[in-house]
Amino acid sequence: MMLKVAALVVSIFALLWILIAAVNSEVSSAGGGKLSTNPFEYCAAVVNDDNPVKTFTGPAMPQSIVDGIRRAANLGAEAPEDWVARGTYWRCMDGSVYACFVGANLPCDEKADTSREPSSAMISYCKDNQSSGTVPAVVAGRASMYEWRCRSGAPEIIRQISKLDARGFLSNYWYRLNKPASVE
């Protein structure tokens, strides 16, 4: 009996290993043996990747993404190219390319804070500012999906100010980019 159980466990692990190898092979073969250096093809192949900087083999910041965020976020032509590139984050969601421009300290590099519990920084702030009509984002956290205020020395939620996207990021900061006619 013990031998049959051991054989079954070994068989299950072998099957899992084969399945994992097959999935990895399928993803890495997209684009002819390696992942594409085109961000739109890359996202179509991997479907979801919250941080493609770690796995994308193309340019650190593809020009098609810089151009796409410039259009989507209405960044004027006067905005310096290197400034736009340095302030842009991109990721894959549902096979599409999404981009976020940091601009005025937007939390592009982190998922949303969905906690309805005040942080120790908010509690401290409200003790010092008993009836503040708002808890500043620098205290509440820029990734909070809620607007907070102080009431009688305690933090409380005023309202929800953002929605989550399917990957847990604040949806109002991320733009789905359209694949341009010609992409590097």
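This is a predicted model: local features need pLDDT of at least 70, side-chain atom pairs count only at pLDDT 80 or more; totals for chains, interfaces and linings use all residues.
**Entry 1: Asp49**

I looked up where Asp49 sits. I find Asp49 in the loop that runs between helix H2 (39-46) and helix H3 (63-72).

Next I wanted to know which side chain of opposite charge is nearest to Asp49. I get Arg167, at 7.1 Å. A salt bridge needs the nitrogen and the carboxyl oxygen within 4 Å, and I note that Asp49 has none, although Asp49 is buried.

So what does the Asp49 side chain have as polar contacts? I found one with the side chain of Tyr42, at 2.5 Å. I found another with the side chain of Thr55, at 2.8 Å.

I then listed the contacts of Asp49, leaving aside neighbours within four places in sequence: I get Tyr42, Thr55, Arg91 and Cys92.

**Entry 2: disulfides**

How many disulfides are there? I count three. Numbering the bonded cysteines in sequence order, I write the pairing down as 1-2, 3-4, 5-6.

I took Cys43 and Cys92 to begin with. Their sulfurs are 2.0 Å apart and the two form a disulfide. I read -70° about the S-S bond, which is left-handed. Cys43 belongs to helix H2 and Cys92 to strand E1 (residues 88-93), so this link ties together parts that lie 49 residues apart in sequence. I checked burial too: Cys43 is buried at 0% relative accessible area, and Cys92 is buried at 0%.

Then I went to Cys100 and Cys108. I see a disulfide here with the sulfur atoms 1.9 Å apart. The angle about the S-S bond is -65°, and I note the link as left-handed. Buried or exposed? I have Cys100 as buried, with a relative accessible area of 0%, and Cys108 as buried, at 2%.

Next up were Cys126 and Cys150. I find these joined in a disulfide, sulfur to sulfur 2.1 Å. The turn about the S-S bond is -75°, and I put this link down as left-handed. Cys126 is in helix H5 (residues 120-128) and Cys150 in strand E3 (residues 146-151), so here the parts tied together are 24 residues apart in sequence. Cys126 counts as buried at 0% relative accessibility, and I have Cys150 as buried at 4%.

**Entry 3: the nonpolar cores**

Which residues have the most contacts inside the largest nonpolar core? I read off Tyr42, Trp90 and Val97, in a core of 18 residues. H2 gives the most, with four residues.

Leaving aside neighbours within four places in sequence, I find Val97 in contact with Pro39, Phe40, Cys43, Ile65, Trp90, Arg91, Tyr175, Arg176 and Leu177.

Cys150 is the disulfide partner of Cys126.

**Entry 4: helix H3**

Which residues of H3 are buried? I get Ser64, Ile65, Val66, Gly68, Ile69 and Arg70. Ile65 was already on my list of Val97 contacts.

Where do the buried residues of H3 pack? I find them against H2, helix H4 (81-86), E1, E2 and strand E5 (175-176).

**Entry 5: Ala137**

My last stop was Ala137, which I place in helix H6 (residues 137-140). Ala137 is partly exposed, and I have 34% for the relative accessible area.

How far apart are Ala137 and Trp148 in space? I get 8.8 Å from C-alpha to C-alpha, with eleven residues of separation in sequence.

How values were computed:
Residues are numbered from 1 along each chain as its sequence is written. Side-chain values use heavy atoms; hydrogens and water are left out. Helices (H or I, at least four residues) and strands (E, at least two) are DSSP runs, numbered from the N terminus. Buried means under 20% relative accessible area, exposed over 50%, partly exposed in between (1.4 Å probe, protein chains only). Lys and Arg count as positive and Asp and Glu as negative; His and the chain ends are not counted. A polar contact is a pair of N or O atoms within 3.5 Å; within protein, one must be able to donate a hydrogen and the other to accept it, and residues adjacent in sequence count only if both atoms are side-chain atoms. Contact means heavy atoms within 4.5 Å. A disulfide is a pair of cysteine sulfur atoms within 2.5 Å. A nonpolar core is a set of buried Ala, Val, Leu, Ile, Met, Phe, Trp, Tyr and Cys residues joined through side-chain atoms within 4.5 Å.
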